[in-house]
Amino acid sequence: MSDTAFCRGCGKEIHKEAAACPNCGAPQQIAGKKSKTTAILLALFLGGFGAHKFYLGKTGMGVLYLLFFWTFIPSIAALVELIIYICTSDQDFKKKYG
């Protein structure tokens with residue numbers, strides 16, 4: 001895998017882990033607004049109703065979870081997603097759901 005990325009500000013090639021571009025100074029890290037801990041807790045306690053999906057901005061999936069909560073299929077899916085959230089690094093979580 002390549003250790004380079006392109007700057008969000010000037011477009012020049014920089015190291016993929018750089019916090020800011022050395023050329024223009026533009027910040028490169030995504031400031032995540034969604035908390036991984038909150039998503040984990042919502043998936044654990046209210047996952048069958050899709051609360052974690054609504055929290056992460058996936059409204060369509062949240063509605064599907066609400067419509068089918070009585071089948072317990074969303075509860076099983078929420079358990080799988082809970083494990084995925086726990087195993088995902090904080091940086092990857094912020095990139096995906098930031």
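Phe-72 is placed in the loop that runs between helix H3 (59–67) and H4, in a model that is predicted. With a relative accessibility of 58%, Phe-72 counts as exposed, because the cut-off for that class is over 50%. The backbone of Phe-72 has a phi near 70°, which is a positive value in a residue other than glycine. Most residues other than glycine have a negative phi.

## Nonpolar cores

The largest nonpolar core is made up of 8 residues, namely Ala-39, Ile-40, Ala-43, Leu-56, Leu-82, Tyr-85, Phe-93 and Tyr-97. At least two residues of this core come from each of H1, helix H4 (73–87) and helix H5 (90–97), and H1 gives the most, with 3 residues. In soluble globular proteins, nonpolar side chains tend to be buried together.

Ala-39, one of the members of this core, touches His-52, Tyr-55, Leu-56, Tyr-85 and Phe-93 when residues up to four places away in sequence are not counted. There is also a second, separate core of 5 residues, and among them are Cys-7, Ile-14, Ala-18 and Ala-26.

A polar atom of the side chain of Lys-36 lies 2.3 Å from the backbone oxygen of Thr-88. If neighbours within four places in sequence are left aside, the contacts of Lys-36 are Tyr-85, Ile-86, Thr-88, Ser-89, Asp-90 and Phe-93; of these, Tyr-85 and Phe-93 are also members of the largest nonpolar core.

Glu-81 has its place in helix H4 and is likewise buried, its relative accessible area being 14%. The side chains of Glu-81 and Tyr-65 are joined by a polar contact of 2.9 Å. Leaving aside neighbours within four places in sequence, Glu-81 is in contact with His-52, Lys-53 and Tyr-65, and His-52 is also among the residues that Ala-39 touches.

## The loop around Pro-27

Pro-27 is found in the loop between strand E2 (13–15) and helix H1 (36–46), where a relative accessible area of 60% makes this proline exposed. Once neighbours within four places in sequence are set aside, Pro-27 is in contact with Arg-8, Ala-19 and Ala-20. Phe-6 lies 21 residues from Pro-27 along the chain, and the C-alpha atoms of the two are separated by 12 Å.

## The largest pocket

The largest pocket has a volume of about 230 Å³. Of the 13 residues that line this pocket, Arg-8, Lys-16, Gln-28, Gln-29 and Lys-95 are the closest to its centre; Arg-8 is also one of the residues in contact with Pro-27. Strand E1 (4–6), E2 and H5 are the elements that give two or more residues to the lining, and H5 gives the most, with 3 residues.

By residue class, the lining of the largest pocket divides into 5 nonpolar, 4 polar and 4 charged residues.

Key. Residues numbered from 1 in each chain as written. Predicted model: local features only at pLDDT ≥ 70, side-chain atom pairs only at ≥ 80, totals over all residues. Heavy atoms only, no water. Helix = DSSP H or I, 4+ residues; strand = E, 2+ residues; numbered from the N terminus. Buried < 20%, exposed > 50% of the residue type's maximum accessible area, 1.4 Å probe, protein only. Contact = heavy atoms within 4.5 Å. Core = buried A, V, L, I, M, F, W, Y, C linked by side-chain atoms within 4.5 Å. Polar contact = N/O pair within 3.5 Å; in protein donor to acceptor, adjacent residues only side chain to side chain. 1 Å grid on protein atoms, 1.4 Å probe; cavity = no way out; pocket = protein on both sides within 12 Å on 5 of 7 lines; lining within 4 Å. Points joined across faces, edges and corners; volume = space filled by probe spheres on them. Nonpolar A, V, L, I, M, F, W, Y, C, P; charged D, E, K, R; others polar.
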